[in-house]
Every structure is written in structure tokens, then in C-alpha cells.
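Please walk me through this model.

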Amino acid sequence: MAGIKGIGEARTYDGSSLRIGIVHARWNTKIIDALLQGTIAELTNAGVKQENIVIQSVPGSYELPFAVQRMYVASQTQAASHISRGGAGSLISATADLLGGSTSDLTKLSKETPSGKKDGETKGSTAPFDAIIAIGALIKGSTMHFEYISDSVSHGLMKVQLDLGVPVIFGLLTLLTEEQGLERAGIAGATEKEGHNHGEDWGKAAVELAVMQGGWR
Ligand code: DLZ
């Protein structure tokens, strides 16, 4: 019998014209790396082109809402300046500038594509993101940090998506133990129980929301 959890039978959505951002925390790297892999696998499975997946890392989950906000605004600014200048700029440096960091942390999975998308063409590297996925793993410790960070990040991500009008996928695991995280990242935990990689659900949710959003515009 199928489990009761998960996103259920999802329709298949074509992600081939989408541009998706991923912002992930670096705390609890083993869990994060597996979640990231699952997310990317599902995005590419849905047809999102590798060059249209842009990944940014931040130190911890607390930084996620700000980074998501900056990343989206940078992509909008980049798109606008591309239109006014009539040439391709670099979203990578625009985002890094807005985040106050260097470009070295901003991973681009492939080469830039030509911008100025027409119907049916590949989306270019200067288009605004259609959805952004925020990924983090918070593990409860002996102080109150877990409660404060979980609460503020959840509210922050909701606020960002409603303020900016772009889907932000909630990829924050709020865990009581590391083992819970390993299971939810699809890695065998201490009990050797294979879990389900929640990153796959987040990839699917991003494509679904991004495609739906196209219809609402
Ligand atoms: C400080 C902290 C702690 C204790 N635990 C975690 C965690 O389990 N997962 C996570 O993503 N981040 C953690 N952090 C770091 C905070 O999110 C944040 O990066 C710092 O407080 C700096 O703002």
C-alpha cells in the first residue's frame, strides 16, 4: 500500500522553458548534499535544462530568506538591464554583488545560453527565475536556536514569495535528530532504513508551481 505522505500523484509538467534558482545552507552538509542531488535530479527529469538551474550556497538556514530575496531581485534587475542594454550581462556577478560576496560560490551548472527568449526557444540566462527552492536542515540542539531559526525562516520564506510574487519552495527540514534528516534525504540512517529523498518532491513542486504561475500571469 502506498504511504500517505508525499505530494501524491502529480501531473507531469514540462519544465523545459523554466529557469529555477536553488539556495541551500551549508550546515549539515551530508544531508544537504543528498537533498540537493535529489532536487536537481527531479528538475532535470522534468526537462529543466542544466544551464537554467542556478545554485547559491549560504552559511546556514537563517540566511535563506535574504539570499532568496536577493537572488530573485538580481535576476529581475539583470533581465531589465539586458532589455535596456540589448546585450547579455552576468547574473552570476549581479547576484554575487547583491549578496556582497564573490562569484566563486555561485555555481552555474553549465555555460550561459543566449538570452532574449522567444516563444518555444530556450530561456536565456538573464530571465528572472520562475521559482526558487530554499534548502536547509535544522537540527534541534540543547538551546533555543532551533525554535527561533525554524520560526523565522519559515515566516521569512513565506513573506519573500508573497512580496515578490514568485514561488519559493520550502525545503527546510526541521529535525529532532540527524537520523531523521538522513532518512528524509534518502540516505540509510543508523537503523539502515532507506528513506525518501524530499529533494525530489521539492524539484517537482517547483516545476508545478512555476508552470502554473505562467498560466496565471
Ligand atoms: C548556529 C546554527 C546552529 C546551531 N545550527 C544550525 C543548523 O542545524 N542548521 C543550519 O542550517 N544552521 C544552523 N546554524 C547556523 C544559522 O542558521 C546561521 O547561519 C548563523 O546563526 C549565522 O546567522
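## A buried glutamate

E208 is buried, because 20 other C-beta atoms lie within 10 Å. A residue counts as buried with 20 or more other C-beta atoms within 10 Å of its own, as exposed with 12 or fewer, and as partly exposed in between; C-beta atoms are placed from the backbone. E208 sits in helix α6. Helices (H or I, at least four residues) and strands (E, at least two) are DSSP runs, numbered from the N terminus. E208 and A46 are 162 residues apart in sequence, yet 9.6 Å apart in space, C-alpha to C-alpha.

This is a predicted model: local features need pLDDT of at least 70, side-chain atom pairs count only at pLDDT 80 or more, and totals for chains, interfaces and linings use all residues. Residues are numbered from 1 along each chain as its sequence is written.

## The nonpolar core

The largest nonpolar core has 47 residues. Such a core is a set of buried Ala, Val, Leu, Ile, Met, Phe, Trp, Tyr and Cys residues joined through C-beta atoms within 7 Å. I20, V68, I132, I133, A134 and A206 have the most contacts inside it. Elements giving two or more residues to this core include β1, β4, α4 and α6.

Take I133. Leaving aside neighbours within four places in sequence, I133 is in contact (C-beta atoms, placed from the backbone, within 7 Å) with residues including I20, I169, W202 and A206.

## The ligand shell

The ligand is surrounded by 15 residues. The cut-off is a C-beta atom, placed from the backbone, within 6 Å of the molecule. A25, W27, G60, S61 and Y62 are the closest. β4 (131-139) gives the largest share of the shell, four residues. α4 (145-164) also supplies at least two.

## Helix α4

α4 has 20 residues and reaches 28 Å from first C-alpha to last. That is close to the expected 28 Å, which is 1.5 Å times one less than the number of residues. Its buried residues are I149, V153, G156, L157, V160 and Q161. They lie on the same side of α4, because they cover an arc of only 120° around the axis. The arc is taken from the directions from the helix axis to the C-beta atoms.

The face turned away from the buried side carries exposed residues, among them E147, D151 and H155. Just after α4, G165 takes a positive phi of about 70°.

Definitions and conventions
Contact = placed C-beta atoms within 7 Å.
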